[in-house]
Amino acid sequence: MSSRIEILNAGGYRSDGRRQYELRTIAIDFSPQGSNPDGSATISHGLTQVSVSVYGPREAKMRSQTFHDRANINIELSIAPFSAGERRRRGKGDKRILELTQTLKSTFEPVIQTSLYPRAQIDIYVQVLQQDGGLLQACINATTLALVNAGIPMLDLVCAVTGGVHSTSALLDLTQLEENDLPNVTIAVMPRSGKIALVSMETRLHVDRFEEIFRLAGEAGTVIHSEMKRAVKEKTAKLVDAMQLGKGSAAPNAENDY
Amino acid sequence: MALTSTSVSKAEKSYIQAGILANPPSRSDGRSLHDFRAIALETGVAPLANGSARLNIGRNPHDGTGGTEVLAAVKLEVENVEEGTGGVDGGRIICNVSCDVKDSSPSAYPNLSSGALDDLQHDYTDVINQTLSHPSLHPSNLGILPRKKSWLLSLDIVILADAGNVYDALFMAARAALWDTKVPRTRSIEYKAKKSVTTAKNASGGAGDMDVDEDTSSGFDTRKIAGAIDFELPDYWDEGEVLEGRDRWPVCVSMNMVLPTHFLDASPQEEASTSIRVLLMFSFLSPNQTTLQGMRMSGPGEIKLSGLKELIEEGEKYAKEIYSALTSKLKDEDIRRNQKARDRFVNRI
């Protein structure tokens with residue numbers, strides 16, 4: 001089926017009308033999901049939508065899971081059965097889910113400053129609502145935002161993006177359709193420090209192409225970073241406004257404190 | 001049936017019960033006995049599903065937190081109607097309820113092990129499935145080709161947060177998602193061979209000199225099945241037609257009993273301090289024709305037989321209110337979304 005669809009046409013447009021390096025629309029929502037989380041975020045990259053809630057740092061349910069010198073990070077991920085094109089139920093023990101969870105955990109463990117919270121636990125619940133390619137990328141970005149929203153100290157924001165190659169031209173932020181056909185790699189960067197948090201590849205990619213994609217993904221990471229920062233700042237500004245409102249006119253000079 | 005696992009102390013329990021029995025009754029959030037918390041509903045939340053809805057009961061209006069939150073989505077799949085494939089002529093409906101993994105937050109399902117969570121999901125699934133896949137509610141437009149292909153409608157409901165009264169929320173969300181469901185239009189295709197000379201001769205002439213295999217049963221013999229053998233999806237401007245009889249989908253009322261009275265829309269604490277709960281599922285075919293589609297009792301208490309009739313009558317009254325409010329909201333949503341679609345169409349030109 002997909003062979004009939006042109007991944008990149010002669011005019012340089014992709015199947016959904018984007019250019020080679022164009023990202024899909026990013027929508028960020030910080031409204032609380034589920035039951036009173038400490039922080040939550042929903043991000044959509046086009047039609048892929050992931051919602052994350054963060055609880056903690058808090059006392060661990062099971063003492064045996066805690067560490068004496070740092071916080072334990074517990075990530076649980078569930079995929080809604082109606083999220084993909086074809087209905088499929090994935091249980092908790094599903095290999096794909098376990099793998100995604102493990103990848104997320106190893107991405108965020110070095111970034112979160114866990115040593116500030118010894119013997120505590122940080123619970124991160126990821127709910128995949130819609131999938132249209134770039135699942136890991138959306139999970140990572142949503143988790144970053146939820147952690148920020150929860151006020152958990154991190155070394156940097158982790159911004160992930162998927163890249164792929166069609167013959168010799170690199171594409172960014174692949175949809176499901178492109179992901180099925182192209183060799184692709186997901187790269188998570190920390191733009192401020194310029195470090196790489198994750199490189200994940202499930203397909204074979206020619207080594208000559210890797211460098212180009214790697215560089216492009218790093219650049220796209222900074223774009224996503226600025227988008228995230230804008231959303232966080234907007235949210236914080238709203239909070240500050242709300243606080244000012246609560247104070248009333250009693251403290252007009254408080255504005256400068258923030 | 002597992003009750004939710006909020007634990008209340010004896011004193012708390014008796015305080016809540018005394019409040020409900022007091023005259024005038026008083027509840028912790030100031031509602032009267034038969035008041036619902038605010039309900040928020042949105043349809044069409046999952047673009048990859050054929051119908052979907054998100055419902056919240058009791059969200060805090062100031063910060064948007066809390067409340068029971070449920071996400072329901074309907075997905076249609078084509079199924080072969082054959083022995084052993086599970087497909088049924090005229091389509092079938094399968095419902096499934098899953099609880100989200102947010103199991104360790106204070107108001108959802110604290111202290112529940114994954115085994116207990118599975119049990120709970122199973123309980124919810126059982127009630128929803130038995131009620132909604134009942135033949136009396138089955139929509140007539142789930143068939144594609146008679147005795148060949150049909151739609152399998154799977155309704156998946158995810159409980160994102162539990163702040164009491166999950167059953168009512170589940171049924172309302174299910175009704176909304178099913179209401180929102182659009183069945184893609186199909187057109188059957190027929191391959192017709194030219195009428196052979198043999199058959200013409202047969203019709204006019206005497207009995208079968210050529211048609212020897214008429215009565216033999218061959219696995220490849222498809223002549224018994226008349227008409228269409230496959231179908232296609234015609235290109236059309238909308239997503240399809242709505243489910244037939246979408247007005248019939250039932251609503252549920254949970255009556256929480258503190259004898260001799262009852263109350264609606266219980267919070268988790270209130271749920272934990274009532275000994276018995278009666279679920280009543282009503283379907284409204286027309287304004288004056290109500291059917292009781294299902295009934296469940298849970299909890300260790302008991303009610304007198306004579307009281308039950310009265311209870312059902314009361315329940316019908318509440319259900320009717322829920323039904324009419326929900327239906328008008330769903331119609332509003334239809335207008336909102338169709339308007340949006342039209343506007344988008346206009347903007348494009």
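**Notebook: two interfaces of chain B**

I began with the pairing of the chains: chain B and chain A bury about 2,600 Å² between them, and carbon and sulfur atoms give 58% of that area. A reminder to myself that this is a predicted model.

Next I looked up who takes part. Chain B brings 28 residues to the contact and chain A brings 27 residues. I then searched for charge pairing across the interface of chain B and chain A, and the rule returned zero salt bridges. My search for polar contacts there gave one residue pair, with both residues at pLDDT 80 or more.

Which strands of chain B supply at least two residues each to the side that touches chain A? I found β3 (68-80), β4 (92-99) and β6. The largest share comes from β6(B), with five residues. I also sorted this side of chain B by residue class and got 11 nonpolar, nine polar and eight charged.

Then I turned to the inside of chain B. Its domain assignment lists domain 1 as 37-185 + 236-346 and domain 2 as 186-235. Nine residues of domain 1 of chain B and 12 residues of domain 2 of chain B make up their contact.

I noted a buried area of about 880 Å² between these two domains of chain B, with 67% on carbon and sulfur atoms. On the side of domain 1 that touches domain 2, β5 (143-145) and β6 (149-161) of chain B each supply at least two residues. That side of domain 1 of chain B divides into six nonpolar, no polar and three charged residues. I checked this domain interface for salt bridges too, and the rule finds zero.

Technical notes. Residues are numbered from 1 along each chain as its sequence is written. Chains are lettered from A and ligands numbered from 1 in the order in which they are written. This is a predicted model: local features need pLDDT of at least 70, side-chain atom pairs count only at pLDDT 80 or more; totals for chains, interfaces and linings use all residues. Side-chain values use heavy atoms; hydrogens and water are left out. Domain bounds come from an automatic or database domain assignment. Contact means heavy atoms within 4.5 Å. Buried area is the accessible area (1.4 Å probe) that two parts lose on being put together, summed over both. A salt bridge is a side-chain nitrogen of Lys or Arg within 4 Å of a carboxyl oxygen of Asp or Glu. Helices (H or I, at least four residues) and strands (E, at least two) are DSSP runs, numbered from the N terminus. Ala, Val, Leu, Ile, Met, Phe, Trp, Tyr, Cys and Pro count as nonpolar, Asp, Glu, Lys and Arg as charged, and the others, Gly among them, as polar. A polar contact is a pair of N or O atoms within 3.5 Å; within protein, one must be able to donate a hydrogen and the other to accept it, and residues adjacent in sequence count only if both atoms are side-chain atoms.
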